[in-house]
Amino acid sequence: MSQRSEVYRTSLLGLLSPAIVLSVWESAGALGWINPILLPRPSQIVWSLVELVADGAVFPPLLYTIALFVVGYAIASILGIAIGVAMATSETLYGLLEPLVEILRPIPKSALVPVLFLFLGIGKTTMITVVVLAAVFPVLISTFQGVRGLDPVLLETARTFQVSRMRTIFSIILPASLPMILAGMRVALGLGLVLVILAEMLAGEDGIGFRILDLQRAFQIREMFAWIFVLVALGGGLMMLFDLIERTLVPWRGKT
Amino acid sequence: MSVVGTLEGASSKPSAAGSIRRRLGPRLYGVLLIAAILLFWEVSSRLGWIVSAYWPPVTKILWAAISQLGGGDILVSLAATLRRALTGYAIGSVLGIALGILLGKSKVLRIALLPLIEIVRPIPTPAVIPPLILFLGVDDALKIFAISLATFFPVFTNTFAGVATVDDTLIQTARTFRTSWARTLLRVVLPATLPAIAAGLRTATSLALVVAVVSEMVAGSSGIGYYLVEMQYALRPDLMYAAVMYLAITGYAVNRLFLVLEARLIPWMGKT
């Protein structure tokens with residue numbers, strides 16, 4: 001971690017190599033060394049992006065993708081935490097659910113996308129289900145590991161003071177395993193985004209994934225790159241938001 | 001980075017031979033639950049509770065899966081997918097380990113390359129496929145590239161973070177003995193970083209399979225991802241479910257194999 005912050009501390013140096021790559025790309029394009037139809041110049045892409053934002057065309061698909069993702073991610077997080085805690089605290093539930101989880105977990109979730117299209121039809125429900133399926137397992141597993149790895153003294157202390165089961169879960173177990181839960185949610189964030197984009201590409205009616213593939217097929221490459229940029233900004237933005245939330249909730253993280 | 005661990009691996013119970021019986025005890029209900037779900041699936045389909053062409057009985061799917069064993073499309077497609085996943089995985093991992101170590105140890109390389117890597121990293125993989133089609137076509141080159149790219153990041157990130165935690169005394173000792181730079185990297189830094197690298201490699205195995213399937217779906221002409229989409233259009237849900245089943249078995253087997261190899265090759269894993 002320290003090495004990464006070192007690069008940002010010397011932030012001007014950090015900007016150097018991206019600047020070099022961009023200017024080589026730009027001038028190679030301007031000199032006609034690369035085919036402008038296949039790979040437009042950065043300035044052209046930026047221009048498309050500006051147009052996209054200026055006339056507001058960027059917002060409906062962006063909000064569409066965000067809405068699908070956020071709903072699915074929220075459901076997956078709640079389900080994952082709930083089942084993870086339940087399995088870690090109750091032997092019966094562990095025995096009941098562990099085989100099922102172990103069967104479902106190794107399925108590459110992308111393979112389920114066509115299955116769900118057939119099964120649920122093409123629409124928002126399917127997209128959200130896809131995100132839930134992709135995001136729930138990392139949350140579940142790291143929650144489980146976090147709770148199982150808790151110091152037994154914590155739980156015994158709670159029992160000594162006759163704290164109720166619900167209260168033990170909400171006031172002791174959840175806060176103490178929060179760092180692990182968040183680690184799982186971080187993995188789930190990336191996976192969920194990948195899957196929602198894939199689902200939109202395969203059978204989208206709208207959304208960023210649909211736009212990117214649609215523009216590629218229509219050979220509007222400049223616009224396609226602009227949309228990819230939007231997607232990268234979305235992914236990066238979500239990650240930064242996540243970091244911010246994590247730092248607020250778990251300020252002691254990484255300081256052990 | 002134990003996020004991708006297994007459920008049982010985290011069990012705080014001692015897994016001595018005597019407790020196997022105790023562990024299987026509660027799991028019996030889990031196995032029964034699965035049996036009940038499958039039975040409900042079968043019955044609901046046979047009796048027409050759920051009237052849908054996309055809800056074939058379990059036995060029909062199993063039959064489709066078994067009949068594929070005699071040399072069907074699914075196994076051929078799966079082999080193509082695995083070949084691509086493995087090639088891409090190998091390339092991505094080697095690059096990830098090499099760059100992770102080099103960037104971890106060299107400040108110049110860090111300044112030159114780390115910002116570029118950080119820029120590319122948040123791009124969701126499906127998004128890189130459409131532009132890559134323009135340059136690499138829709139054949140193996142595209143898919144292997146996409147898989148390499150996806151596997152590179154977890155391996156790189158873990159290696160890079162692992163190098164930072166290598167005990168400085170080790171490196172000082174190597175310097176004392178005038179060990180060359182390259183030899184220090186290979187014989188001191190690499191082994192000390194292996195547990196971290198292995199964690200990255202494990203995340204990457206499942207990613208490689210996912211991205212292989214994804215790339216075949218978006219730009220397919222063969223492979224299990226393409227097969228799935230094809231069967232979706234052909235309205236053959238039984239074959240589709242059978243293909244998903246084979247994929248799940250593959251994913252499970254790969255994960256198990258990895259755990260076994262990890263225990264064999266890195267006995268000092270998790271003993272810091």
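This is a predicted model: local features need pLDDT of at least 70, side-chain atom pairs count only at pLDDT 80 or more; totals for chains, interfaces and linings use all residues.
Residues are numbered from 1 along each chain as its sequence is written, and chains are lettered from A and ligands numbered from 1 in the order in which they are written.

Let me turn to confidence. Within the chain, helix H1 (residues 2-9) has the lowest confidence, at a mean of 51, and H4(A) the highest, at 95.

As for the fold, chain A has 11 helices and zero strands, taken as DSSP runs of H or I with at least four residues for helices and of E with at least two for strands. Its C-alpha atoms fill a box of roughly 75 × 50 × 30 Å along the principal axes.

One helix pair deserves a moment. The axes of H4(A), residues 59-89, and H7(A), residues 124-148, come within 6 Å and cross at roughly 35°; such axes are lines fitted to C-alpha atoms over the stretch in contact, with angles from 0 to 180 degrees between N-to-C directions. By class, this contact of H4(A) with H7(A) holds 22 nonpolar, six polar and two charged residues, with Ala, Val, Leu, Ile, Met, Phe, Trp, Tyr, Cys and Pro counted as nonpolar, Asp, Glu, Lys and Arg as charged, and the others, Gly among them, as polar.

Next, the interface. In contact with 54 residues of chain B are 62 residues of chain A, contact meaning that the C-beta atoms, placed from the backbone, lie within 7 Å. H5(A) gives the most to this side of chain A, with 12 residues, and by class the side has 42 nonpolar, 15 polar and five charged residues.

Finally, chain B. Why does B:Val189 count as buried? Because B:Val189, which lies in helix H8 (residues 181-218) of chain B, has 20 C-beta neighbours inside 10 Å. Leaving aside neighbours within four places in sequence, B:Val189 is in contact with B:Ile101, B:Lys105, B:Val163, B:Val166 and B:Thr184.

Note on methods: pLDDT is the predictor's confidence in each residue, from 0 to 100. A residue is buried if 20 or more other C-beta atoms lie within 10 Å of its own, exposed if 12 or fewer, and partly exposed in between; C-beta atoms are placed from the backbone. Two residues are in contact if their C-beta atoms, placed from the backbone, lie within 7 Å.
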